[in-house]
Amino acid sequence: MTQLNNGITLFFSLLVEAMPFLLLGVMFSSVLLLFVDEQKLLSVIPKNVVLAALAGSLIGFLFPVCECGNIPVARRLLTKGAPTAVAIGFLLAAPTVNPVVFWATWIAFRDQPEIVFLRVGFTLVVAVTIALIFSAQADVRPFLQDSLTRMMGDPEPVAATPAEAEISPLLKSGTFLMQSPGQVLQLDAPPAQVLAQVAVAAPPMATRLRMMVDNMVLELRELGAVLVIGSAIAAFVQVAVPREVILSLGQGPVTSIVAMMALAWVVSICSTVDSFFALSFASTFTSGSLLAFLVFGPMIDLKNISLLLTVFKGRAILYLFVLAAQLVFLLTLVMNLYTG
Amino acid sequence: MTSTSSSNGSRASGGRSLPWQALVDAAMLLLWGLMLLRFTVTGKLYLLLHPDYMWLAHLAMVLLLAMGVSRLVQVGLSYRRGTGQTIRSQEHTALLPRQFSVGLLIAIAVFGLIYTPRPFASETAFQRGITDVLGQTRSRPQRFSLGGESEERTIVDWVRTLNVYPEPDAYAGQIAKVSGFVTHIPDWPDEFVMISRFVLTCCAADAYPVGLPVELPPGTARPAPDTWLEIKGTVQTSTLDGKRQLAIGDPTLTEIPEPRTPYEY
């Protein structure tokens with residue numbers, strides 16, 4: 001009975017601590033969904049591949065979204081002609097490298113600041129590395145879902161130098177609608193592309209605000225449910241699994257990392273709140289394994305595979321998964337061996 | 001997926017049927033807000049969170065209630081206008097079925113409105129490895145003053161002090177006055193109990209127990225586990241589990257009610 005009471009108290013404690021951050025994350029992502037113009041953002045991204053990958057990884061500071069919100073954004077970036085390095089860097093790093101997540105991690109681990117900074121550092125290393133590996137492939141299309149490649153239109157945005165494309169938007173064949181000076185809308189572009197461009201510009205402020213609240217409620221509902229399930233699992237593991245088992249698993253430099261990565265993959269908890277989840281393991285698991293959880297979880301987990309499938313084909317997701325898992329494992333193992 | 005709002009109205013159902021989905025959403029938001037309100041008003045939030053972060057929970061409460069109310073107003077307005085229209089989000093890829101998510105969230109909020117959280121007690125303290133030593137991952141304050149009266153130190157103050165200078169003889173003869181709950185440690189002789197507290201750094205998820213051994217005066221009945229006591233005694237060195245430890249000797253025990261904030265920080 002005591003165990004049950006403790007479990008429930010732990011469960012509510014996680015929920016109550018995490019809910020404000022979830023709300024904050026949802027609010028930011030809804031605001032930015034409607035008020036940030038990705039097109040303008042893309043035009044200032046450096047052309048150098050390494051810098052582009054880094055820039056992509058850091059865009060998260062402008063789009064503080066967790067891993068459920070970042071896939072639609074990465075998808076939009078791709079349809080708007082973002083280089084692969086930017087899109088992949090964003091996809092992997094944005095859920096972690098953003099102010100809300102940083103703050104939440106800081107509150108949870110203020111006694112171990114190295115976890116907060118290494119979380120960001122390791123994420124950037126992994127995201128940039130994988131982004132570079134992917135951009136070695138000249139045409140990323142074979143990795144993407146057909147529906148998305150259709151939305152991306154002709155292959156030319158990748159082939160043509162972006163500078164040319166910016167100077168002469170009208171020197172292309174097709175039907176165009178002149179919007180504000182210098183801005184044209186290609187009407188015979190694939191419909192989704194046209195809609196994506198219109199949607200940002202069209203709605204008036206009142207509608208936008210309403211859409212923002214709608215989006216908040218929608219994301220809150222979805223992510224809140226995942227948070228509830230994740231907190232329940234964390235509380236259950238804490239009170240139901242014998243402490244000796246957890247300790248024997250959690251103190252080994254290798255087993256602890258593998259266990260936490262597997263847990264991260266299964267639990268699928270949102271990155272804005274996962275530090276509180278990890279915190280409940282802080283006394284029993286190695287720091288490296290906590291980091292593995294905090295770095296790997298937001299990149300790929302059971303829940304976002306279904307979302308990733310809206311962008312990538314299965315093979316590409318497998319590559320992402322294997323690469324991310326190996327890199328995170330290596331980095332955190334080095335940390336465990338070094339600090340342990 | 002891309003149901004843009006530019007097509008206002010065309011999607012409107014037109015009838016005056018109630019927008020149930022929006023109402024259920026509003027109920028969910030309001031229930032969550034009320035749950036947080038209840039935890040705040042009853043003081044149970046102290047059992048769940050570190051006081052430093054309570055404002056975050058309060059902020060969430062206000063936001064949730066505001067969102068719930070605005071949802072209701074929205075529904076009311078569009079119902080009066082006779083348009084059943086709801087604007088949907090641009091980007092949405094469902095993970096869990098909508099009914100499942102809402103149902104789960106409402107169920108948890110209702111449960112939170114009924115259930116009263118209990119603070120962690122001696123059984124958990126024992127299970128989590130109660131100790132007078134702080135582990136590797138524990139909060140180590142950069143500075144604390146030893147200048148104060150020894151009577152003013154709480155259990156965690158004592159433990160932090162011991163962590164810096166562990167020799168128990170150094171404290172011999174000082175007066176200790178601490179409050180906490182009683183934990184029985186199985187291998188200890190009958191005249192010893194542990195007076196303990198949980199310490200939070202963030203929330204109940206990272207609560208860890210600390211405690212000091214107390215040597216009961218001869219002939220005193222052992223207080224039951226989880227009894228809250230205020231203990232005043234003299235610091236002495238005792239050997240327990242083959243280890244020299246600081247203990248409180250010759251104590252006067254006063255039973256106290258469970259404090260509103262049972263944890264230390």
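Residues count from 1 along each chain as its sequence is written, while chains are lettered from A and ligands numbered from 1 in the order in which they are written. Because the model is predicted, local features need pLDDT of at least 70 and side-chain atom pairs count only at pLDDT 80 or more, whereas totals for chains, interfaces and linings use all residues.

**Domains of chain B**

Chain B is assigned domain 1 (5-114) and domain 2 (122-264), with bounds from an automatic or database domain assignment. Seven residues from domain 1 of chain B and eight residues from domain 2 of chain B make up the contact; residues are in contact if their C-beta atoms, placed from the backbone, lie within 7 Å. The side of domain 1 of chain B that touches domain 2 of chain B has five nonpolar, two polar and no charged residues. Here Ala, Val, Leu, Ile, Met, Phe, Trp, Tyr, Cys and Pro count as nonpolar, Asp, Glu, Lys and Arg as charged, and the others, Gly among them, as polar.

**Helix pairs**

Helices (H or I, at least four residues) and strands (E, at least two) are DSSP runs, numbered from the N terminus. Axes are lines fitted to C-alpha atoms, for helices over the stretch in contact, and angles run from 0 to 180 degrees between N-to-C directions.

| Helices | Angle | Axes |
|---|---|---|
| H1 (residues 20-41) and H4 (residues 98-114) of chain B | about 30° | 9 Å apart |
| H3 (residues 49-58) and H7 (residues 113-135) of chain A | roughly 130° | within 9 Å |

The angle in chain B makes H1(B) roughly parallel to H4(B), a label for angles under 35 degrees; over 145 counts as roughly antiparallel, 65 to 115 as roughly perpendicular and the rest as oblique. The contact of H1(B) with H4(B) has 13 nonpolar, one polar and two charged residues. Among the residues of H1(B) that meet H4(B) are Asp25(B), Trp32(B) and Arg38(B).

In chain A, the angle makes H3(A) oblique to H7(A). Their contact has nine nonpolar, three polar and no charged residues, with Ser57(A) on the H3(A) side and Ser135(A) on the H7(A) side among them.

**Strands of chain B**

Strands pair if DSSP finds at least two bridges between them. S4 (residues 228-240) of chain B runs antiparallel to S1 (residues 175-183) of chain B, joined by seven bridges, and Trp228(B) in S4(B) is the bridge partner of Phe181(B). S4(B) also runs antiparallel to S5 (residues 243-255) of chain B, through 11 bridges. S4(B) and S5(B) form a hairpin with two residues between them, and Asp241(B) in the turn has a positive phi of about 50°. Leu240(B) has Lys243(B) in S5(B) as its bridge partner.

Terms used:
Contact = placed C-beta atoms within 7 Å.
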